[in-house]
Amino acid sequence: MAFLLAFMGVTLSSADEVEYVTKEKLLYKTTFQDWADVKADKTKAVTVTKQMTNGEELVFSLFNTALDNDGTHSKFSNEDVTPGYLQTQKDKDNVPYIETSAISDLTKFELYQAATGGTRGITVSVKGDGDADWVMLHNKSIEKAAGELLSFEVNRKNCKIRIGTFEPEQNAYILSMKIYGNVQVPARKFVDFKVDLTPNPYSVTVPSDGNLPAGVVVNGGEWHDSQHGYSDFSVSVPVDGPVEVFVGGCKHSNKSATVSIDGNVVATLDTKTAGCSGFAKYTYNKEEATTLTINCGQYCPWLEVKACDYIEECTVTYYDTDNKTILGSEVVVGSSKLAFKYGEKDVTVAEGQKFRGWFNGKLSTSTKVAEGLEITEDIKLYAKATDIENVTDVSHFIYDFTKPSFYIEDHEAIEAVNASYYNEHGWVVAQGGSFKVKVGGKAYITIKNCQFSKAGEGIVTDEAGKEIARFNAVAASDGAATSIKYDGEATTLTITYPNGAYVHGIEVACVREFVEFDEALGYYKIPANDVNSFLLALTDANSKGDVKIFLPNGTYDLGEITLTSVSGKNISIIGESMEGTIIKNAPLVENEGIGTTATLLNNSSNLYLQDLTLQNALDYYKSGAAGRAVCLQEEGSNTICKNVRLLSYQDTYYSHKTSKFYWEDSEIHGTVDYMCGDGDVIYNRCKLVNESRAANKEDGQCTVCAPYQSAECKWGYVYLDCSIDTKSKTFDFGRAWGGEPKAVFIRTTLLQPEKLASSRFTVAGMNVAAYGFYEYGTMNASGENITPASNVINFTHSTGNKKYETILTDSKAAEFTVANIFGDWAPEAIAAQKEISDEVVAAGNYETVSDCYLATVDGATSIVAASAVKALIEGKGNVTLRAANGRGGFGPAKVVASTTGVKAVSAENGDNVVYDLLGRKVKNATKGIFIINGVKVIK
């Protein structure tokens, strides 16, 4: 719906009488790189004269103090440490100091100090009007010798600053300094404003009267929805000096916002990369009136313009590839264009790597900074060097196109034709566009596709133009993968999209031999601890579907790899035991996030997991305010987890799909919202473990779940006959995340019931009030019912409160059964374990139980067909079998042979000598299978 709203006012006139106000401003700053070196002199003070921005002359007197304008020290290791420093000398007889001339109206100053050890540092005193003597502001040893910032409020007229040394017999170092003071500036008449564009019509949230300031004009516009706001509009903003323009981001934008003056574009704002929770910013940094025109062709959820101070100068600091060593810094005029002071020849590049440019942070998600950027604030630039991609017969490359920080020019083994970054759906490929990937011979190529692509195919060809494969360019679920096996010589493969597409990413794994797959049994055979074989098997399984992967006890360590995809239909991943088979990853703390860290990302249908642990080993206790680390991120449907343990802390399990999911006899650990998201999910007979919020002690409040169900999910999170073990100080059952959140706890055993919050649930919601939070039949460890007779809660949120009884009646609780919730889908039956009876062992008719077994013979484990069991047992030592169910999960172990016992019978050769199958002599044969006088007998 188009709109046209104009609020006309009077623009500022140069004839208006100029009023002045007092304002604090930065008067002087230095990292001492702009000073000349000074040798220490203990006979007299050496003076250095500088000019402050208010026009005053500032004189520094250095007594017995040296200055090294590019000095560094290996012990000064904090990130903010820059080359260059003042150094007081070691001298108790001629105590060093630095003293400034009087500053007319000093408000505060900051110093950055460092030291080569403890029990040393600087002292700070001031003396201004009304002070009879020096007033001590700081007189203690340094707390962080690697570097620390000190800030002092002064607020004195005609004030001098004096810096001494805390321990005269030790050096002290000052690395930078900032001095602030009051100055008279013309009064600003500009009125800040902010517009919320998510409602229709939009609303003005600043000023508080709800009206746009006089002179601000909004033209055109089309409203889309409450998430994306408006597009195709412009805002004219008369300004009387420096202002900051903030434009709300939207990852679905396909255009950039611009800012123009007199019809000339002065800034282009990338709101797409900023994402839906971020913004793009422009600073008009001139002390003169003009009119800014902000053009928003893209989706825009909000817009804000605020008056700001004129920025006279900014500091650009350059870090080496270790993200710690500062190569140097420079002070530039505010609003000047960035020109790199350092380049490839100045940075450290390891052998086999290549310098990739300057980035705006040290994280893997940081983005490149280009020359020509208008500098309106202090910035830090980080050099990045990455491995040169050399394609071999075992090379493995993962390209995630969904990240704005992916730069294809930094990769030697892939190139794009008519394709570019779009948003979280990856790269948009034009009609006929393609990707070219190099392979060293045999290879698995995994392509993550998008459900929003146009109908069509992707075609894979080699250098000769021979077609290797075709696949559907439209994924069944967003990001689902297609895996292609290439069996040939080294070449460049071209993936072409005749109709165009969105592509989430490409993975290329070159191998000497393809992973072993047993066609008869339907299992991939993975050597213990071999994570590469597991990844290759998973890649191949995604292309096949209806297969099983067996992982013997061991740790399958993915390192920093995240979002390992399961996308094929009906895939089973079976471990040998829940505690012994561990799939883990360890994302960097700085890359934490609910949608970015998952150990496994499931885009498939009918995934079956049994007898394994998924562990996200992100260092939660060093992550600060947030340590979101997902073990299993659900984007699929009808997943079953049987005997599965999840080890993490925040957001351990993320069910990000409106579907059905089933957990049975499993164990889930966490601290904050550790089961969160959408879907109807049953947790049947599961153990929930509330971990401590602090390392090595019992601390903090844990929240078990944070549901975010869509309206079509009737049941939400349902906990049936679960137990909760709490290692934190307190906990609650759950809190509302969004949507229509539902969580029901039926017959829950609390091992530490005294730790449960009195409200039992968190009352306040994050985005909405709790829609359906209930409990029934809660017990303590002794089985006593400790459920309140009534617990009426008023769940609150600004969007509306919900007040209701949270204790279910008997009849209502009886509705929460697996059959009632899931209908035709019967996960309990699918996950049922097959058991081997004594009768089967005695008769040896193993084919009647299962098609195959997990056999352990004298400690060695293998999967065998039922028809091969008899031959396997004969003449062997101790043998146990576990029968496979229909999804390949192995049931309880059964001892089926023990030749130790048989030999003992033969040696004794007496009447009524009875042994069990473990070879233990027993007095009488009770129920079961026994060896009596060397013959198997069923009792």
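Okay, let's start with the inside of this thing: of the 939 residues in the chain, 53% count as buried. Before I go on, remember that this is a predicted model, so please keep that in mind as we look around.

First, the overall picture. The chain has eight helices and 70 strands. If you draw a box around the C-alpha atoms along the principal axes, you get roughly 115 × 75 × 75 Å. The accessible surface comes to about 40,200 Å², and 47% of that belongs to carbon and sulfur atoms. And how do the contacts run along the sequence? Taking contacts between residues at least 6 apart in sequence, 68% join residues at least 24 apart.

Now, charges. There are 88 positive and 119 negative side chains, and the centres of those two sets lie 4 Å apart. Let me walk you through a few.

One pairs Glu412 with Arg356, with the closest N and O atoms 3.0 Å apart. The two partners are 56 residues apart, linking distant parts of the chain: Arg356 is in strand E25, while Glu412 is in the loop between strands E27 and E28. Are they buried or exposed? Glu412 counts as partly exposed because its relative accessibility is 25%, whereas Arg356, at 6%, counts as buried.

Next up, Arg882 and Asp611, again with the closest N and O atoms 3.0 Å apart. Here the pair spans 271 residues, with Arg882 in strand E65 and Asp611 in strand E44. Arg882 has 14% relative accessibility, so that residue counts as buried. Asp611 is buried too, with a relative accessible area of 6%.

Then there's Lys755 with Glu698, meeting at 2.9 Å, N to O. They sit 57 residues apart, and both are in loops: Lys755 between strands E58 and E59, Glu698 between E52 and E53. Lys755 is buried, with a relative accessible area of 10%.

Let's move to the surface. Which residues gather in a patch of negative charge there? They are Asp34, Glu287, Glu312 and Glu313. Take Glu312: you'll find that residue in the loop between strands E22 and E23. With 33% relative accessibility, Glu312 counts as partly exposed.

Follow the chain into strand E23 and you can pick out Thr317. Why does Thr317 count as buried? Because its relative accessibility is 8%, and the cut-off for buried is under 20%. Leaving aside neighbours within four places in sequence, Thr317 touches several residues, including Thr82, Ile326, Ile379 and Leu381.

Last stop, Leu688, in strand E52. Its relative accessible area is 0%, so Leu688 is buried. What is Leu688 in contact with, apart from neighbours within four places in sequence? Among them are Ile668, Tyr674, Met675, Val704 and Tyr719. Also have a look at Glu667: that residue is 21 residues away from Leu688 along the chain, yet their C-alpha atoms are separated by 5.8 Å.

Methods. Residues numbered from 1 in each chain as written. Predicted model: local features only at pLDDT ≥ 70, side-chain atom pairs only at ≥ 80, totals over all residues. Heavy atoms only, no water. Patch = residues over 30% accessible without salt bridge, like charges linked within 9 Å, V, L, I, M, F, W, Y side chains within 5 Å. Areas by Shrake-Rupley, 256 points an atom, 1.4 Å probe, with all protein chains shown as cover. Salt bridge = Lys/Arg side-chain N within 4 Å of Asp/Glu carboxyl O. Lys, Arg positive; Asp, Glu negative; His and termini not counted. Charge placed at Lys NZ, Arg CZ, Asp CG, Glu CD. Helix = DSSP H or I, 4+ residues; strand = E, 2+ residues; numbered from the N terminus. Buried < 20%, exposed > 50% of the residue type's maximum accessible area, 1.4 Å probe, protein only. Contact = heavy atoms within 4.5 Å.
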